[in-house]
Amino acid sequence: MTEPQHLISIKAALQEKRAPLYRTIIRWTWRLLIGGLAAILILFLSINFTAIPSFRELEDPSSALASEVLANNNEVLGRYFTENRVPVAYEDLNPYLVNALISTEDERFREHCGIDARAVGRVAFRTILLRDQSAGGGSTLTQQLAKMLYSDRNFQGMNKIEKLFALIYRKLREWITAVKLERSYTKEEILAMYLNQFNFINNAYGVHAAAEVYFGKDQSQLRIEEAAMLIGMLQNPSYFNPVRFPERAMRRRWIVLYQMRNNKAITEAQFNELKVKPLDMSHFKRVNFTDDTAPYLCSELKKDISKILDAPECRRSDGSKYNIYKDGLRIYTTIDPVYQQHAEEAMQEHMKKLQGRFFQVWRGRDPWTYRTRTTGAEEIENRKESLMSLIRDGDRYQAIRPKYMDAVSDRVQKRYDFELRDVDIERMLDEERKPGTFGKMIADGIATADQVSAYRSILNGVEWEEVKNQYRSLQVAIKKVYETKTRMKVFTWNNPRFEMDTIMSPIDSLRYHRMFLQTGMMAVDPTTSEIKAWVGGINFKYFQFDHIRTDRQVGSTFKPFVYATAISQQSISPCFQVYDQAVTIPARYQNFTNITDWTPKDASGNYTGLRMTLKEALKNSVNSISTYLMKQMGDTEPVRGLCNNMGIDSSARRPNGQYRIPKQPSICLGAADLTVFEMTGAYATFANNGMYGLPFVIKRIEDKNGRTIYRSLPEEHVALPPNANYVMLDMLKYNVAGVPGINTLKSEVGGKTGTTNDQSDGWFMGVTPRLVVGTWVGGEDRWIRFFTLADGQGSKMARPIFAGFISRLEKDPKSGYDFNAHFMRPPGDLGIEINCANYAQGDAAPTQDEEDFFPDIYNDQLNEDGTIPGKAKKPDDTFGDQLEGGN
């Protein structure tokens, strides 16, 4: 049946009427389509040229790489990092990691070009249209790498619409970056970059650090189930943290193993065996600076490395400075890890025993208040101020102080342009209590005139009363906090962990830790000047102050420099005899600058009046003989000059302007504050035929690409004529002949002990043909000391560490230490007689035979019970209980 004509006419009219609308719709549809495509194209181009990293940036992705300090066998001694990350090349990656990663995160990784169309389609259809949240993600490994390296997913402060557009924009950016990465790198390089870049939390950046932190091993040694656990963490490391959530980590590991089985990376039998294995976190250990093999060395090396990297020739090609914490430098050192281990163990063995005796001696005494016959009120005040300074430097104090002092300090800063410190407030309180204190501070160099001027302005200002009130309130609050007992960990020698749990107040903890004797020990190969071991203290976790480059009074260890000068300049024989009697160097005598007569005594306070050879006098540290030699020289400059030749800068001054090696005759007794580093370098001259070489520990530094940016150059020169040097060696050997600990060693050994006033410092400088070792022992504060020479002499405090160290090296075939080596004797006639029997034939016979030398009663050698031969004096050891206790 045909349609009526009038209806056809109506439809035709209607269509004709709507035609413009249809044409408009079609026109706008095309416009929108073309415009949309153009917008997408413009968006892609915009992202590509503005928000996407360049190929140059892609070739050098920005990630913080840890710098490594390496031993002489390339073993890692320590790291500097903001992110504990050490890159691993693809060829060095554990294959289990690679297979687990591809099986779990991107099965078609080797097939796509950075974007997996099938995965994107799956996500679009199942997740978006079907609302199936189990459909998985569509990001490839390359996209995930792009997100880690270059994308910012911070949506903070955005509403839902803004978040949606930002997410789309960043997703497009990641896609384009992924394609660029695929064009810039091989698939293997992308896999390695991904595993090196990922943050596995717990201070483990990259798979190398993750294997160390979670399993205590190198990533190449990971087993299948361990590799699967780490790969499982990639989805969400915090959620699948095996330390906090082991069950979650186990379930996630099962999924990874399941995927590995599905992709034929493991067999069905392996899957069934591995899926039920327990999660082993027994080796988990967070990495921090105190875990380094040589933490004191690494801490000190930062200063040296910073100076090296400041040099123009050690910078990048564009002139910028390398960053030790981010640029992945490799610092190659001379440290021998076997030597380092034996040095640490020898130190620990002796210091544990020594500390036990020290606590026994100090039982019932307070080191901040005890007095001797020479202790004055000023010294007690200095001790108390020292303790208060420790409190002020503590974290607890620094956390509380702002609440009380920040507001008023800001007002003082604005009004007087003066930053108010606690020490400034204390000085102003002292002036208020005792007018005239400021003048004494200026005279003593404690405060400058400008500081005192500011102090007076503040004292007269409107803020002073508030400053006082707030400061007093702060002290009340601090006292309460520091006297409240709390649970804490403290250092102890009584267990292998060197710490114990206890309940103690913070102030008692400060006092307790300050009572531990410290040490500094450095071992140098004298033939190469390479530092082989560096022990800066007893435990870096609790005592982070390094004692290798810290000034301490050297005592009798300085005397060989005096003897060496006399022998070198005057060809004097060690068999030459001198009376042990009072020797006075008058004021202004010849070229000396002392302003009063100087007549030193020996440790016993007496003179024997006997004649003795120089070698006997040095062995027994007889002060009168050292003074005699100094007086014969008529000047301190010959000795200071020799020290300068042996690496101790005689022109160097302290902050107060005084010379580090004073121009005073008292230096002949060791009245100089020097470092273990300087003393060890100087004594190495004796073991190196009179040739001084500057000790060094950094051999070279390379950037992350292996380019050498620094290489050490030997610094050496003749310091002492070989004949005079050999004579000194013979005397140093005589010093230790037959002494306990040394007499059982196989090595040819020489050495000198040193003990300072009040037994504050104990030294032993030991020399062998292949190793020179400097050892110092003492308290952080100089009043932390033994009371008697029987306990506090260098032969008791320091020499056993040297003996234990050398003994361990001799017994360890892996050490490579040559105990059969001998000191070099210069060819021909020495020109100085060292055989005292021959010497006696050409001179008056000595008072005693060579072997029957004078009893060892001076600074460094007393009887085991503390008595002097012929004397009945014993040290006071009737004190209370040992301070330390517990396990």
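The following questions and answers walk through a predicted model of one protein.

Visitor: What should I know about how the model was read, and what is the mean pLDDT of the protein?
Guide: Because this is a predicted model, local features need pLDDT of at least 70 and side-chain atom pairs count only at pLDDT 80 or more, while totals for chains, interfaces and linings use all residues. Residues are numbered from 1 along each chain as its sequence is written, and side-chain values use heavy atoms, with hydrogens and water left out. Given that pLDDT is the predictor's confidence in each residue, from 0 to 100, 85% of the residues reach 70 or more, and the mean pLDDT is 85.

Visitor: How many helices and strands does the secondary structure come to?
Guide: Helices (H or I, at least four residues) and strands (E, at least two) are DSSP runs, numbered from the N terminus. Counted in this way, the protein comes to 30 helices and 18 strands.

Visitor: What percentage of the residues is buried?
Guide: Buried means under 20% relative accessible area, exposed means over 50%, and partly exposed lies in between, with a 1.4 Å probe and protein chains only. Of the 887 residues in the protein, the buried ones make up 51%.

Visitor: Which residues does Phe805 touch, not counting residues up to four places away in sequence?
Guide: Phe805 is one of the residues that touch the most other members of the largest nonpolar core. Leaving out residues up to four places away in sequence, Phe805 touches Tyr339, His342, Ala343, Ala346, Met521, Ala523, Leu771 and Val773.

Visitor: Is Ser529 buried or exposed?
Guide: Ser529 lies in the loop between strand 6 (518–525) and strand 7 (530–535), and its phi is near 70 degrees, a positive value in a residue other than glycine. Because its relative accessible area is 8%, Ser529 is buried.

Visitor: What is the relative accessible area of Asp758?
Guide: Asp758 also has a positive phi, near 65 degrees, in a residue other than glycine, and its place is in the loop between strand 16 (750–755) and strand 17 (761–767). Asp758 counts as partly exposed, because its relative accessible area is 44%.

Visitor: How far apart in space are Lys733 and Glu748, C-alpha to C-alpha?
Guide: Lys733 is found in helix 26 (residues 722–736), and beyond its neighbours within four places in sequence, Lys733 is in contact with Glu748, Val749, Gly750 and Phe823. Lys733 and Glu748 are 15 residues apart in sequence, and their C-alpha to C-alpha distance in space is 7.8 Å.

Notes. Core = buried A, V, L, I, M, F, W, Y, C linked by side-chain atoms within 4.5 Å. Contact = heavy atoms within 4.5 Å.
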